[in-house]
Amino acid sequence: MSNYDVVTLGETLLRMAPPGQLRIEQAAHFELEAGGTESNTAVALARLGVRTTWISRMPENPLGRRIARTLMGHGVDISHIVWVEGERMGLFFVEFGDGARATSIIYDRAGSAASRMTPDELPAEVFSASGGRHLHLTGITLAISESAAATAKRALQLAQAAGWSVSFDFNYRSKLWTPEESRRGCHPFAAAADIVFAPIRDAQTHYGLAEEVSPEDALAALQREFPGATVILTLGGDGSIAAEPGRAPRRQPVFPGGGTIGRIGAGDAFTAGVLYRYLYPDGEDWLGDALRWGAAAAAMKYTIPGDMGLFEKEEVAALLESGGYSDEVSR
């Protein structure tokens with residue numbers, strides 16, 4: 001048995017947000033959270049019972065320790081963090097909108113410790129046949145710096161050499177790079193992956209698809225780009241669509257009656273639900289089951305403030321069993 005089911009790599013930031021829907025200029029204080037797409041996914045996976053480690057580079061100070069202890073407290077292995085003195089923690093500020101005012105994010109992450117990660121800092125003992133079984137990467141790590149992208153590339157090479165499976169999520173961030181930069185950076189990773197995740201808007205942005213493209217046509221376009229991968233497109237309120245190589249598309253709606261307070265991180269929870277059932281299938285239809293677990297995990301995340309899917313496996317399973325929203329009180 002391998003030491004870890006999932007190894008992931010990236011930057012986690014401290015999230016600062018005014019209470020409620022206050023604007024940043026109104027705030028007398030900020031609420032502090034940890035947030036990063038790879039660590040969000042790792043936390044959700046750990047809470048589903050998946051053995052997960054998160055690799056990063058962190059400042060040896062109270063801010064770095066706050067993030068590490070938060071992840072550890074939710075069951076994520078943090079023993080492969082590279083700790084450094086005198087470097088900074090990346091931050092981001094969230095201003096939650098309502099109605100006509102959109103939620104907005106301001107990044108303060110340039111030159112962070114994580115952006116300075118290098119390939120030679122990867123733990124060789126993890127990237128072996130017995131060290132792990134699956135690597136999950138996202139486009140955000142590729143975007144934060146050239147050295148972080150090189151580190152992700154080396155992790156991919158090591159994982160493939162060890163015989164692991166790989167998943168990749170485009171996770172485009174317009175404040176980090178341009179669509180063309182993202183396409184050039186992400187395409188080789190997606191081409192090497194066994195599972196490719198992308199919001200339909202990322203497929204449109206990266207591959208010149210029309211705004212009115214149907215989910216089926218968008219999925220077919222990505223299947224042509226990545227014929228060896230299971231491609232999973234998320235469609236916002238319309239759920240998801242996916243297909244294995246050479247197989248017909250599968251649609252999965254969202255669960256009805258979900259919450260509205262925890263949209264940030266819902267995509268990471270979806271990814272975790274899918275990867276859980278990919279690594280621990282129950283029956284022959286792994287993809288259909290994985291999409292259902294992804295949808296249920298995302299629906300649970302919508303009810304939870306913060307970036308992380310702090311649900312229990314039993315809660316997700318109960319939502320799957322019930323098929324949707326319940327206003328009952330658990331006593």
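Helix α6 (residues 200–207) lies across strands β11 (195–199) and β12, and its direction makes an angle of about 95° with β11; contact here means heavy atoms within 4.5 Å. The model is predicted, so that local features need pLDDT of at least 70 and side-chain atom pairs count only at pLDDT 80 or more, while totals for chains, interfaces and linings use all residues. Residues are numbered from 1 along each chain as its sequence is written, and side-chain values use heavy atoms, with hydrogens and water left out.

**Helices on the sheet**
- Helix α7 (residues 215–225) lies across β11, β12, β13 and β14, running at about 145° to β12; axes are lines fitted to C-alpha atoms, for helices over the stretch in contact, and angles run from 0 to 180 degrees between N-to-C directions.
- Helices (H or I, at least four residues) and strands (E, at least two) are DSSP runs, numbered from the N terminus.

**Packing of α6 and α7**
- The two helices α6 and α7 pack at an angle of about 55°, and their axes are 10 Å apart.
- That angle makes α6 oblique to α7, given that angles under 35 degrees count as roughly parallel, over 145 as roughly antiparallel, 65 to 115 as roughly perpendicular and the rest as oblique.
- On the α6 side the contact is made by I200, A203 and Y207, and on the α7 side by P215, A218, L222 and E225.
- These contact residues divide into six nonpolar, no polar and one charged, where Ala, Val, Leu, Ile, Met, Phe, Trp, Tyr, Cys and Pro count as nonpolar, Asp, Glu, Lys and Arg as charged, and the others, Gly among them, as polar.

**The sheet and its edges**
- Eight strands form an open sheet of mixed pairing, in the order β4-β1-β9-β10-β11-β12-β13-β14; two strands pair if DSSP finds at least two bridges between them.
- The edges are held by β4 (52–55) and β14 (250–252), each with a single partner strand, so one side of each is left without a neighbour in the sheet.
- Strands β12 (residues 230–234) and β13 (residues 240–243) run antiparallel and are joined by four bridges, and T234 has S240 in β13 as its bridge partner.

**Strand β9**
- In strand β9 (residues 134–138), five of its five residues are buried, that is, under 20% relative accessible area, with exposed over 50% and partly exposed in between (1.4 Å probe, protein chains only).
- H134, H136 and T138 lie on one side of β9 and L135 and L137 on the other, and both faces are covered.
- Strand β1 (residues 6–9) runs parallel to β9 and is joined to β9 by two bridges, with V7 opposite L135.
- Five bridges join β9 to strand β10 (residues 165–169), also in a parallel run, and H136 stands opposite S167 in β10.
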